[in-house]
Amino acid sequence: MKRLLFIASFVIIGFGVKAQTAAAPVKLTDTAKLYHPEADAKADIANAVKKASAGHKNVLLQIGGNWCIWCIRFNDLVTRDPDLDKYVRDNYVIVHVNYSKENTNDKLLAELGYPQRFGFPVFVVLDDKGNRLNTENSSYLEEGKGHSKEKVMGFFKDWSPAAIDPKSYEKAK
């Protein structure tokens, strides 16, 4: 019952608050800055694909909501850990795609193959042309009451541009 009340408090706090762009790490108690219910997620993704193409990166869609403690925990781990933060910024353009009572982004999620079936957060990796490469169930990255740095880094490395570049697998002549 306490867990249900705890989750409900995040839902109430997170909904209805106008979000601001989050450039700095988001604290576990700051649930109003990651996801933007009013955002045009499709346009945000199109912009991210352009940036990814220019920077030879992939796009990482983190789908969830400000109500989701696991979404906040994941973001907190990645932005506060210098190794994860550097790796993800060097290899991905990140888009936080909102899923909340204000905006469930149903049409977009249908186009992405219904990733919400895995719960939240859920991650979709796109290449620099906008093609979906992978949908990742975040429970595979969990450890205890958070996410494993090693598992998260493995996920980032497995879907980085270098990992899927055929040149990475050519034998030296």
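Predicted model: local features only at pLDDT ≥ 70, side-chain atom pairs only at ≥ 80, totals over all residues.

User: What volume does the second largest pocket have?

Analyst: The volume of the second largest pocket is about 210 Å³.

User: Which residues line the second largest pocket?

Analyst: The lining consists of D44, N47, A48, K51, K57, R89, Y92, V93, I94 and V95.

User: And which elements give two or more residues to that lining?

Analyst: Those are α2 (41–55) and β2 (92–98).

User: How many of the lining residues are nonpolar, polar and charged?

Analyst: The lining of the second largest pocket has 5 nonpolar residues, 1 polar and 4 charged.

User: R89 is in that list. Which residue does R89 form a salt bridge with?

Analyst: The partner is D85, and the closest N and O atoms of the two are 2.8 Å apart.

User: Where do R89 and D85 lie?

Analyst: Both are in helix α4 (residues 82–91), separated by 4 residues, which is about one turn of the helix. R89 has a relative accessibility of 43%, so R89 counts as partly exposed.

User: Switching to totals. How many salt bridges are there?

Analyst: The count comes to 7 salt bridges.

User: What about E111, which residue does it pair with?

Analyst: E111 forms a salt bridge with K42, with 2.3 Å between the closest N and O atoms. Because E111 lies in helix α5 (residues 106–111) and K42 in helix α2, the pair ties together parts that are 69 residues apart in sequence.

User: Is E111 buried or exposed, or in between?

Analyst: In between: E111 counts as partly exposed, because its relative accessibility is 44%. K42 is also partly exposed, with a relative accessible area of 47%.

User: And K129, what is its salt-bridge partner?

Analyst: K129 forms a salt bridge with D128, and their closest N and O atoms are 3.4 Å apart.

User: Are K129 and D128 buried or exposed?

Analyst: K129 has a relative accessible area of 65%; exposed means over 50%, so K129 is exposed. D128 has 17%, and buried means under 20%, so D128 is buried.

User: Last one. Which residues are linked in a network of salt bridges?

Analyst: D81, D83 and K149 are linked in such a network.

How values were computed. Residues numbered from 1 in each chain as written. Heavy atoms only, no water. 1 Å grid on protein atoms, 1.4 Å probe; cavity = no way out; pocket = protein on both sides within 12 Å on 5 of 7 lines; lining within 4 Å. Points joined across faces, edges and corners; volume = space filled by probe spheres on them. Nonpolar A, V, L, I, M, F, W, Y, C, P; charged D, E, K, R; others polar. Salt bridge = Lys/Arg side-chain N within 4 Å of Asp/Glu carboxyl O. Buried < 20%, exposed > 50% of the residue type's maximum accessible area, 1.4 Å probe, protein only.
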